[in-house]
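Reader: Could you walk me through this structure, one question at a time? I would like to see how each answer is reached.

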Amino acid sequence: MRDINKIVIHCSATPPDMFVDKDMIDRWHKERGWSGCGYHYVIKRDGQIELGRPIEKIGAHVKGHNKTSVGICYCGGVDEDMQEQDNRTESQKESLLLLLIYLKNIFPKASIHGHRDFSTKFCPSFDATSEYKHITYERNFS
């Protein structure tokens with residue numbers, strides 16, 4: 001397994017009424033010359049979590065940090081005019097929270113970030129670092 005020290009949240013930079021899933025992102029990334037979907041997880045508008053790139057493989061989602069990170073992308077993130085907008089559905093928020101808790105238990109030393117923490121992009125259209133700073137490793141699930 002790779003040494004993971006970051007979990008990075010992204011948005012697909014698509015309007016909320018546009019259907020997007022892992023297969024569509026996979027096509028987009030292949031068109032850019034990548035080997036396929038650069039994210040490890042994709043969260044659709046209905047909250048369904050789709051598996052992207054296998055977690056054992058290095059992602060293609062945050063330049064300079066792919067080797068030691070896991071990438072999560074939620075579908076949405078811009079309005080109809082392609083302007084930054086946190087338009088996560090309640091289902092997406094619930095799924096993202098559960099996925100982050102799950103990943104923190106696998107990678108307890110990993111910090112949670114938004115893509116914008118590593119670039120000039122607005123992605124994921126909200127301050128993920130602040131919103132999820134409370135998530136910590138939980139040893140027992142009883």
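Reader: Is His115 buried or exposed?

Author: Keep in mind that this is a predicted model. Residues under 20% relative accessible area are classed as buried. His115 has a relative accessibility of 9%, so the residue counts as buried.

Reader: Where does His115 lie, and which residues is it in contact with?

Author: The residue sits in the loop between β5 (111-114) and α3 (128-131). Leaving aside neighbours within four places in sequence, His115 is in contact with Val8, Ile9, His10, His61, Val62, Lys121, Cys123 and Pro124.

Reader: Which residues does the cis peptide bond join?

Author: Look in the loop between β5 and α3, where Pro124 is found. Omega is about 15° at the cis bond there, and the two residues joined are Cys123 and Pro124.

Reader: What is phi of Ser125, and is this residue buried or exposed?

Author: Ser125 also lies in the loop between β5 and α3. Its phi is near 75°, a positive value in a residue other than glycine. With a relative accessibility of 7%, Ser125 counts as buried.

Reader: And how does Met82 count in terms of accessibility?

Author: Met82 belongs to the loop between β4 and α2. Phi is positive here too, near 65°, and the residue is not a glycine. Partly exposed covers the range between the buried limit of 20% and the exposed limit of 50%. At 47% relative accessibility, Met82 therefore counts as partly exposed.

Reader: Let us step back to the whole chain. In what order do its elements run?

Author: There are three helices and five strands in the chain. Starting from the N terminus, their order is β-α-β-β-β-α-β-α.

Reader: What share of the contacts with a separation of 6 or more comes from residues 24 or more positions apart?

Author: As background, buried residues make up 49% of the 142 residues. Among contacts with a separation of 6 or more, the share from residues 24 or more positions apart is 65%.

Reader: Which element gives the largest share of the largest nonpolar core?

Author: That core has 22 residues, and those with the most contacts inside it are Ile9, Ile72, Leu96, Leu100, Leu103 and Tyr132. Elements giving two or more residues to it are β1 (6-11), β2 (41-43), β4 (69-74) and α2 (90-106). The largest share is four residues, and it comes from α2.

Reader: Which residues does Leu100 touch?

Author: Leu100 is found in helix α2. The residue is buried, with a relative accessible area of 0%. Not counting residues up to four places away in sequence, Leu100 touches Ile7, Ile9, Ile72, Ile112, Tyr132 and Ile135.

Reader: How far apart are the centres of the positive and negative side chains?

Author: The chain exposes about 7700 Å², with carbon and sulfur atoms supplying 50% of that area. As for charge, there are 20 positive and 20 negative side chains, and the centres of the two sets are separated by 10 Å.

Key. Residues numbered from 1 in each chain as written. Predicted model: local features only at pLDDT ≥ 70, side-chain atom pairs only at ≥ 80, totals over all residues. Heavy atoms only, no water. Buried < 20%, exposed > 50% of the residue type's maximum accessible area, 1.4 Å probe, protein only. Contact = heavy atoms within 4.5 Å. Areas by Shrake-Rupley, 256 points an atom, 1.4 Å probe, with all protein chains shown as cover. Lys, Arg positive; Asp, Glu negative; His and termini not counted. Charge placed at Lys NZ, Arg CZ, Asp CG, Glu CD. Core = buried A, V, L, I, M, F, W, Y, C linked by side-chain atoms within 4.5 Å.
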